[in-house]
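Thanks for coming, everyone. Please bring up the sequence and the model, and we'll walk through a few places in turn.

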Amino acid sequence: MPSRAPRRPRLPRVLTASAATAALAAVPGAPAVAAVPLPTAGHAVAAPQVVPAPASLRALSGVSFSLTRRTRILVRPGADRAGTYLAGILRRSTGYPVPISRTGGATGAIALSLTGGGGGEAYRLSVRRDSVWLSSGTPAGLFRGVQTLRQLLPPAIESATVRPGPWSAPGVEIEDAPRFAWRGTMLDVARHFFTVRQVERYIDTAALYKVNMLHLHLSDDQGWRIAIPGRPRLTSYGGSTAVGGGPGGFYTERDFTEIVRYAAERYMTVVPEIDGPGHTNAALASYAELNCDGHAPPLYTGTDVGFSSLCIGKPVTYEFLDDVLGRLAKFTPGPYLHIGGDEAMSTKPADYAEYLRRIEEIVRRHGKTLTGWADIGAATVPRGAIAQYWQPAKGSEEGTATARAAVRQGARLVMSPADHAYLDMKYTASTPLGQDWAGLVEVRDAYEWDPGTLIDGVSDKDVAGVEAPLWTETIVSDHDIDYMTLPRLPAIAEIGWTPQNGRSWNDFRLRLAAQGPRWAVLGRAYYPSPQVPWPTS
């Protein structure tokens, strides 16, 4: 792990609040943004406490919309998926029928419309006394808007069983769009294996905060986690263990396809990673011919890094990589394959450069865009590649130098600085889980940094987005994942979504505090940081 010719997709750059407004066409029959309805009587409704903060939000004083047994979801053409997803959430907690209709007026309804104009994930949400209007130019934008609406409703809306309510959302006018196109999280399933159900649970946590990229670290020294036809020992032997000697595990192609499908339903792109030329002991132990001396090393269950390497000069190495990456490309509809490339201390620099040249050819031949840790900047990086910056922002001149070198060659950066974005770093010295080699990372540390100014010589135009990696040397359960992820993942998600000038720690900590009751209803453990004023009842 990082401890210390087809057309390439273009990631959009910064999208401002004004651009979000321009991206959304007017919806026939929707209320004008400037109009303010009359106040409604009834119980008090909590003020908007949304994470990530929208690009533009105007609260309507004294106004709220209440779900009742008569509430329905009105979907216009193209909005069915978002409508079905929202109905599923509302039905299970309210017990209301929440029918989906395609005709009729919007009074008393939640109306979802695909405008046909604009792109990306921009959306507009209007919550009024008698209706809710959600519109976007894309289905993905509608889905992001649904996450905002969820957070406007009481935390009990997340319940898996019927609750008594009431179910009211505060009146708001929101025009929103993400700052960066890449807003990701990484789950390391190589150090410790996590089942399909566990990965899908993690996807649901991330989706609530508008995360749209799931990076799966599928191979490392301690375990190989994806079945490859014709190479059964990768999983039967290389996947049989984990850090500390645990039982290991792996995904069949059917398992992996299910994860990809589940993520896609939440408009999340899966980015599979096969690390190399280092971090490869599980593969080397499985097939002796991948070693330069032809002898397979024993399986490894420790946590050291930098000792393994594929044999760069052997043709069989690239036949192996072609088999693996080609199979992943077939089952991964997203445009990216992550090839690792970090901590290759046992690979000579010239060999590393040759490895990168050869593997880029393989990735390109399978119709994908190369993504790797920013270490790849030490070699020739193809224009349009994604380089993931991981080393601490301070005290890592080598890491910042390779990141700048990648940018000079036409790559863009995904920012994952370990002293801000690594979810496996301890919060405090007494945190029972995690590591501390990059320092202690409290919630404020995770939140207070800017991807566009962190590295000298790198600006917003060079940044594709942000990603929060969760390495799993010490992580073995859902509880562990939750505890290390929450509340820091929402902090990284807001950095990726909200304009820099729309963020402040003092505001964020209050909005973050409102998420605690929601996590409790969802059954998510979390670290109750003393930096956040969590509700006491």
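Let's start with helix α16, residues 515-522. This is a predicted model, so keep that in mind throughout. Which residues of α16 are buried? They are Q515, G516, R518 and W519. Why do they end up on the same side of α16? Because they cover an arc of only 160 degrees around the axis.

What do those buried residues pack against? Three helices: α3, at 139-152, α14, at 488-497, and α15, at 505-513. Now step just past the end of α16. There you find G523, with a positive phi of about 75 degrees.

Next, the cysteines. How many disulfides does the model have? The count comes to one. The partners are C292 and C311, and their sulfurs sit 2.1 Å apart. As a reminder, a disulfide is a covalent bond between the sulfur atoms of two cysteines.

Where does this pair lie? Both C292 and C311 are in the loop between α7, residues 281-286, and α8, residues 315-331. Look at the bond itself. The torsion about S-S is about 105 degrees, so the disulfide of C292 and C311 is right-handed.

Are the two cysteines buried or exposed? One of each. C292 has a relative accessible area of 58%, so C292 is exposed, since the cut-off for that is over 50%. C311 is at 6%, and because buried means under 20%, C311 counts as buried.

The crossing is right-handed.

Which residues make the contact? From α8, you have Y318, L321, D322 and L325. From α9, there are Y355, R358, I359, I362, V363 and R365. Sort the contact of α8 with α9 by class, and you get seven nonpolar residues, three charged and no polar ones.

Last stop: Y123. You'll find Y123 in strand β5, residues 123-127. Buried or exposed? Y123 has a relative accessible area of 0%, so Y123 is buried. Y123 and R150 are 27 residues apart in sequence. In space, C-alpha to C-alpha, Y123 and R150 are 15 Å apart.

That's the tour. Questions are welcome.

How values were computed
Residues numbered from 1 in each chain as written. Predicted model: local features only at pLDDT ≥ 70, side-chain atom pairs only at ≥ 80, totals over all residues. Heavy atoms only, no water. Buried < 20%, exposed > 50% of the residue type's maximum accessible area, 1.4 Å probe, protein only. Helix = DSSP H or I, 4+ residues; strand = E, 2+ residues; numbered from the N terminus. Arc of directions from axis to C-beta. Contact = heavy atoms within 4.5 Å. Disulfide = S-S within 2.5 Å. Left-handed = near helix turned anticlockwise from the far one by under 90°. Nonpolar A, V, L, I, M, F, W, Y, C, P; charged D, E, K, R; others polar.
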